[in-house]
Amino acid sequence: MTETTVGSPVAEVLPGIWRATNEVVSGRYRLSNNAYLIVDGGEAALVDTAWWHDEGAHLDALFAASGVDPIAVSTIVLTHAHRDHAGFARRLASQTGATVALHRAERATVESLAGYQGLPDEASAVRWYEGHGFPPHEAQRIVSSKEPDRAFDVPDPRWLTGDDSIHVGARSFDILETPGHTPGHVCLLERATGILFSGDALLPRGHGNPHVTVRAFTPPDPLSDYVAGIERLRSEAGEISVCLPGHGPLVEDPLAMIDDHLAYAEAKLGVAERALDATPRTAFEVVSRMPWHGGSATLTDLEGDELFLAFADGFARLRRLVTTGRAERRIEAGVELFHRVG
Ligand SMILES: [Zn+2]
Ligand SMILES: [Zn+2]
């Protein structure tokens, strides 16, 4: 698939915080990817580096507009290891001497990028899908449909925990664990100002909804992990005044956005619940009964990354339905089957 960069605007969005956006058109999608530069007292740090496809023009523009010498960057924090957030981490680390920091649970994502969705080779990926009910030709099709990922190639990152903070001059940003979109996704919160960097955990309207997916490398119930993380953010909402997401514009009403995301997760669960009946079915069979594209498509109509994400997202809903007592699960001959309660 061809990606085209269509612009790289830069702005100082809050005092001492600059945003560079690289806009990428990829297939049917237009992605607006943000990298943020925090500047204080002669020091600087980056939060995400955005997509790699514009040769880093957005970062050159960021340093030029802010007047910050790249050498002043001491830390590059990645909210998670996806390519639209970590695209230039390696290049910037060698250009600036900065440390790249991401959560230690993100090792699973990093390792998954080197193989086939967390499995060592294509044949084992096909078997994984067959083990969740895919007919052989559909298993082959979904494995072939996935866009190849680029390996995460930062040689020696700093692995963070939820107890860490990132310091830039006199400013301090707490690492908040918000797993689910990826196993080690984090947000950063400056408690003194209420500024939250939300990565892909919270996205403004019109900039997509966070994918939460079950794959070979993920924890078993990532949607419950995700909801718990967003509920923790909600419990701290009094401390959050403004949100800087990984995609799209600054959000001035973070609480409303948090509630939107919790409502959306609940609505997705309802769709999955309605696809269940008394017959125990594989994940493939149940996800095939869910409507996609507002009801105009089913799973096997989808192609490319959309197919792979739809199944993984539908599967995540099933696992959460079981966790929350709204579905039952049994294992027959090693295959996981889901059905309505009762
Ligand atoms: Zn992501
Ligand atoms: Zn993203």
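**A walk through the model**

Let's begin with Ala-64, which lies in helix H1 (residues 57-66). Helices (H or I, at least four residues) and strands (E, at least two) are DSSP runs, numbered from the N terminus. This is a predicted model, in which local features need pLDDT of at least 70 and side-chain atom pairs count only at pLDDT 80 or more, while totals for chains, interfaces and linings use all residues. Residues are numbered from 1 along each chain as its sequence is written, and chains are lettered from A and ligands numbered from 1 in the order in which they are written.

Is Ala-64 buried or exposed? Ala-64 is exposed, because it has 10 other C-beta atoms within 10 Å. The cut-offs are these: a residue is buried with 20 or more other C-beta atoms within 10 Å of its own, exposed with 12 or fewer, and partly exposed in between, with C-beta atoms placed from the backbone. His-293 is 229 residues from Ala-64 along the chain, and their C-alpha atoms are separated by 42 Å.

Now look at helix H3 (residues 89-96), where Ala-89, Leu-92 and Ala-93 are buried. Seen down the axis of H3, these buried residues fall within an arc of 105 degrees, so they line one face of the helix; the arc is that of the directions from the helix axis to the C-beta atoms. An α-helix has 3.6 residues a turn, so residues three or four places apart point the same way. Among the elements that cover the buried residues of H3 are H1 and strand S5 (43-47). Just after H3, Gly-97 takes a positive phi of about 75 degrees.

Next comes the largest nonpolar core, which has 97 residues; Tyr-36, Leu-46, Ile-76 and Leu-188 have the most contacts inside it. Such a core is a set of buried Ala, Val, Leu, Ile, Met, Phe, Trp, Tyr and Cys residues joined through C-beta atoms within 7 Å. Helix H10 (residues 304-323) gives the largest share of this core, 9 residues. Not counting residues up to four places away in sequence, Leu-46 touches several residues, including Tyr-36, Ile-76 and Leu-92; contact is when C-beta atoms, placed from the backbone, lie within 7 Å.

Finally, find the open sheet of 3 strands, with the order S14-S16-S15 and antiparallel pairing. Strands S14 (281-282) and S15 (328-332) stand at the edges with a single partner strand each, so one side of each is left without a neighbour in the sheet. Strands pair if DSSP finds at least two bridges between them; S15 and S16 (residues 335-339) pair over 5 bridges.

Technical notes
Two residues are in contact if their C-beta atoms, placed from the backbone, lie within 7 Å.
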